[in-house]
Amino acid sequence: MPVREILVLGGGIAGIASALALSKELCPIIPDVKIRVFERHEVPSTSGGAINLTPVAQRHLAHLGILDELDKMGPDGGTEVDAIEIYSIRTGRALGSVNFNDKSGHGYKGYKGRRVTRIALLLAMIATVEKATNVEIEFGKRVVGGEEKGNKVVIHFGDGSTAMGDLALGCDGVHSPTRTRIVDIGRRSEYTGISFLQTTIRTADLKSHIHFHTSALNISRYGSMLTSYCDRDLDELFVAAIIEYDEDLVKQNRLEYGQEWRAQYAIKMAFREEVRDRFSKSAFECIREIVQLPTDWFLYPVYQVPPGGKWYSDRVLLLGDAAHAMPPRDESAAYALDDAILFARTLARYPYRPPGVSFRIYESIRREPVNQAFKASTKRWDKNRDTGALKASLTEWTLPLYLRKTKDARKEAWEFDASEVPIPQISEEQLAFDWASGMDSSEFEREI
Ligand SMILES: Cc1cc2nc3c(=O)[nH]c(=O)nc-3n(C[C@H](O)[C@H](O)[C@H](O)COP(=O)(O)OP(=O)(O)OC[C@H]3O[C@@H](n4cnc5c(N)ncnc54)[C@H](O)[C@@H]3O)c2cc1C
């Protein structure tokens, strides 16, 4: 029997991209396949302001039909980013840039960067689902647990309902209950010690000169400040202070629905002061102005799921941040999209096999690149921690060298195409042997 009913748990980037990729790959083989996405929010909503999409993320969104929907949104569909310029906050010196243009100025394999609000991206994804066959999204469905029963998986939701499928994909983000309650019980996310304090400002409200074209990372010994337009007409400026922030403060300064206004006010004032203390001595006039504005800053603590955990059980696979959340380097969303496309292509190759076959083959092509990406993102992440003046100067001096040294790796990452990666071909003998012998995943990887 082929897979007929797939449950996707979480309607974020990994979840909706997986549903679309599965619809694209499986419908031609199994026309009556049903893909159901379950999202905990009652209505489409996101947390966080704007997201940077790298060339590879844009190419994969185009592959799934999402980029067309984003483009149809006009100014709200985001702004094209040629480069993220990097500056020293202390001296105002330009230190280099992460360039999304190739030598010909056309972007990598035709795509540059894009900064877009998270809600616009989600709405474009939902619009794409509406056109897809065999996919539906159910809102207000919070996963609380589940179990595997024979050749089915049953998922439990907070409202007391259940859903049954042939397999389930845990796409429920860094704190994934699918991971902690079903696949790798008790494996929790860890706080990285660094948080984003974010806000959005109308460009018209700023009087001072803006020193960058579309996007800039302004670095200092007290953290970095990301400043980027996030709409095509450059009316909105997304600002994120990326700072070392104590875990106790994260717990203490949590804004919650129904909280007394006095408590909310005190938290908002504490955030304003935090940003002001760190960046008010900037060499850039516009940063000095931004930190004095009476704007509300919102806290996004950054958590990670370190490598080495389980990615799947018999009928449940983790994708995106649920499997491998890492400190963002402006490209974690791309990993969620890669996961979605690669897994859908693997399942479409083996739709008549138990899902465990596709899970293992998928892991065999995915685990190592993800481990490498985790290592690379963790290395740079620590540069956001508070540091001494000497070390900060050293970072500024060595940054151009770092950018030169890592240029080829960026090019390779941005030219990656999940729709072209070969899916390993497994012979009948190998499959029969593997299933009979209960070979573990590392042996299996060696075999293929
Ligand atoms: C502060 C910050 C800034 C970042 N900036 C960038 C950037 O600029 N560029 C970039 O590429 N990446 C960035 N990232 C990383 C990027 O946001 C993630 O890698 C990406 O969102 C992962 O997608 P996902 O679908 O796996 O998880 P998510 O986007 O977290 O989606 C998970 C979904 O599951 C739902 N869910 C959660 N629990 C349940 C439940 N119990 N039941 C049902 N549904 C549930 C959630 O509501 C959500 O819709 C950033 C991350 C952080 C924290």
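Seven strands form an open sheet with mixed pairing, in the order E6-E5-E14-E15-E16-E13-E17, where two strands pair if DSSP finds at least two bridges between them, and where strands (E, at least two residues) and helices (H or I, at least four residues) are DSSP runs numbered from the N terminus. At the edges stand strand E6 (94-99) and strand E17 (298-304), each with a single partner strand, so one side of each is left without a neighbour in the sheet. On average, neighbouring strands of this sheet are turned by 20° against each other, direction ignored; the axes behind such angles are lines fitted to C-alpha atoms, for helices over the stretch in contact, and angles run from 0 to 180 degrees between N-to-C directions.

The model is a predicted one, in which local features need pLDDT of at least 70 and side-chain atom pairs count only at pLDDT 80 or more, while totals for chains, interfaces and linings use all residues. Residues are numbered from 1 along each chain as its sequence is written.

Helix H12 (residues 389-405) lies across E5, E6 and strand E14 (215-220), and runs at about 40° to E6. Contact here means that the C-beta atoms of two residues, placed from the backbone, lie within 7 Å.

A second topic is the open sheet of five strands, which has parallel pairing and the order E8-E2-E1-E12-E18. Its edges are taken by strand E8 (135-138) and strand E18 (316-318), each with a single partner strand, so that one side of each is left without a neighbour in the sheet. In this sheet, too, neighbouring strands are turned by 20° against each other on average, direction ignored. Strand E1 (residues 5-9) and strand E12 (residues 167-170) run parallel and are joined by four bridges, with Val8 standing opposite Leu169 in E12. Helix H1 lies across E1, strand E2 (34-38), E8 and E12, and its direction makes an angle of about 175° with E2.

How do the helices pack? Two packed helices are described by the angle between their axes and the distance between the axes. For helix H1 (residues 13-26) and helix H10 (residues 332-349), the axes come within 8 Å and cross at roughly 30°, and the two helices are therefore roughly parallel to each other (angles under 35 degrees count as roughly parallel, over 145 as roughly antiparallel, 65 to 115 as roughly perpendicular and the rest as oblique). H1 passes H10 in a right-handed crossing, the term for a near helix turned clockwise from the far one by less than a right angle, with left-handed used if it is turned anticlockwise. Among the residues of H1 that meet H10 are Ile13, Ala17, Ala21 and Leu22, and the H10 side includes Ala333, Leu337, Ile341 and Phe343. The residues of this contact divide into 15 nonpolar, one polar and four charged, where Ala, Val, Leu, Ile, Met, Phe, Trp, Tyr, Cys and Pro count as nonpolar, Asp, Glu, Lys and Arg as charged, and the others, Gly among them, as polar.

H10 also packs with helix H2 (residues 55-63), their axes coming within 9 Å and crossing at roughly 40°, in a crossing that is left-handed. Val56, Ala57, His60, Leu61 and His63 in H2 meet Ala333, Ala334, Leu337, Asp338 and Ile341 in H10, and the residues of this contact divide into seven nonpolar, two polar and one charged.

Helix H7 (residues 261-279) and helix H8 (residues 285-292) pack with their axes 9 Å apart and at an angle of about 155°, which makes H7 roughly antiparallel to H8. H7 passes H8 in a left-handed crossing, in which Val275, Arg276 and Phe279 in H7 meet Ile287, Val291 and Gln292 in H8.

Finally, the domain assignment, automatic or taken from a database, gives domain 1 (5-81 + 106-190 + 304-386 + 401-447) and domain 2 (193-302). Their centres, taken over C-alpha atoms, are separated by 30 Å, and the contact takes 19 residues from domain 1 and 22 residues from domain 2.
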